[in-house]
Amino acid sequence: MTGASTIEVLPATGRFDDFTEVVGVKKQGAGGCWCMSYRDSRVSNEERPAYMARECAAEPGPGVLVYVDGEVAGWCSVAPRSTYRRLMNSRTIPHLDERDPWSIVCFVVRPGYRKRGLMHVLLDGAVEHARAHGAAVVEGYPAETGGDRIDQISGYVGTTELFEEHGFTRAAETTAHAGHRVRWLMRREL
């Protein structure tokens, strides 16, 4: 008989190697996101690891990691909206007010750990991380699924159902899409 898994969410601060295990590119010279799409996609593929190493070395860090029985299993990017160049210049995801909300922009769960509800754990951890660093409001930009499954590639933004289950409300429909599905700006006041 096996016991329940130990699951914990920790800030990525000081955990660049674990961040790399989830988000990094393993093949030398290969391109990859490195969770830079929203931060600053102008950074070259070669420079992305060093950029994220700097982010992981300083408070508040670029997001949170989830661990299952001590093994890193997933990632959620959460930081002040003002630190995401793409969001600050977005024509598709609106600014609602003058506040600088903390933005949850992506989730990654490693193969072998999927279908265990870890996105729920990551979302709660991201909210708590933002709260611990003084956030007054947290927002995300998930896809509307209408109750249907969303493909893994498009699902990195989360779903409106996921965010609603964790106390977020729909604040504005966006003109952004994920997998041909409308994305919503969803907020949670802290």
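Me: Hi! Which residue lies over the face of tyrosine 38?
Reply: Hi! That is arginine 86, at 4.2 Å from the ring centre. A charge counts as sitting over a ring if NZ of Lys or CZ of Arg is within 6 Å of the ring centre and within 35 degrees of the ring normal. This is a predicted model, where local features need pLDDT of at least 70, side-chain atom pairs count only at pLDDT 80 or more, and totals for chains, interfaces and linings use all residues. Residues are numbered from 1 along each chain as its sequence is written, and side-chain values use heavy atoms, with hydrogens and water left out.

Me: And what lies over the face of tryptophan 184?
Reply: Arginine 170 does, at 5.0 Å from the ring centre.

Me: Switching to the sheet: how many strands, and in what order?
Reply: It is an open sheet of 7 strands, in the order β1-β2-β3-β4-β5-β7-β6, with mixed pairing. Two strands pair if DSSP finds at least two bridges between them. Strands (E, at least two residues) and helices (H or I, at least four) are DSSP runs, numbered from the N terminus.

Me: Which strands are at the edges?
Reply: β1 (7-11) and β6 (169-178), each of which pairs on one side only. On average, neighbouring strands of this sheet are turned by 25° against each other, direction ignored. Axes here are lines fitted to C-alpha atoms, for helices over the stretch in contact, and angles run from 0 to 180 degrees between N-to-C directions.

Me: How many bridges are there between β1 and β2?
Reply: There are 5, and the two strands pair in the antiparallel sense. Glutamate 8 stands opposite tyrosine 67 in β2.

Me: Which helix packs on the sheet and touches β2, β3 and β4?
Reply: α1 does, and its direction makes about 100° with that of β3. Helix α5 (residues 118-132) packs on the sheet too, touching β1, β2, β3, β4, β5 and β7 (181-189), with its direction at about 150° to that of β4.

Me: Which residues of α1 are buried?
Reply: In helix α1 (residues 16-23) they are Phe19, Thr20, Val22 and Val23. Buried means under 20% relative accessible area, exposed means over 50%, and partly exposed is in between (1.4 Å probe, protein chains only).

Me: Why are they said to be on the same side of α1?
Reply: Because they cover an arc of only 165° around the axis. The arc is that of the directions from the helix axis to the C-beta atoms.

Me: What covers those buried residues?
Reply: The cover includes α3 (48-57), β2 (63-68), β3 (71-80) and β4. As for contact, the word means heavy atoms within 4.5 Å.

Me: How many residues of β3 are buried?
Reply: 9 of its 10 residues are, so β3 is mostly covered. β3 is joined to β4 by 7 bridges, and these two run antiparallel. With β2, it pairs in the antiparallel sense over 6 bridges.

Me: What's in the turn between β2 and β3?
Reply: That hairpin has 2 residues between the strands, and aspartate 69 takes a positive phi near 50°. β6 and β7 form a hairpin with 2 residues between them as well, where glycine 179 in the turn has a positive phi of about 60°.

Me: New topic: where is glycine 158?
Reply: Glycine 158 is in the loop between β5 (137-140) and α6 (160-165). At 0% relative accessibility, it counts as buried.

Me: What does glycine 158 contact?
Reply: Leaving aside neighbours within four places in sequence, glycine 158 is in contact with Phe107, Met119, Pro142, Ala143 and Phe163.

Me: How many aromatic pairs are found in the whole structure?
Reply: A search finds 6. The rings of phenylalanine 107 and phenylalanine 163 have centres 6.2 Å apart and planes at 75°, so this pair is edge-to-face. Rings of Phe, Tyr and Trp (its six-membered ring) pair if their centres lie within 6.5 Å; planes under 30 degrees apart count as stacked, over 60 as edge-to-face and the rest as tilted.

Me: Where in the chain are phenylalanine 107 and phenylalanine 163?
Reply: Phenylalanine 107 is in strand β4 (residues 102-109) and phenylalanine 163 is in helix α6, 56 residues apart, so the pair links distant parts of the chain. Phenylalanine 163 also forms an edge-to-face pair with phenylalanine 168, at 4.9 Å centre to centre and 80° between the planes.
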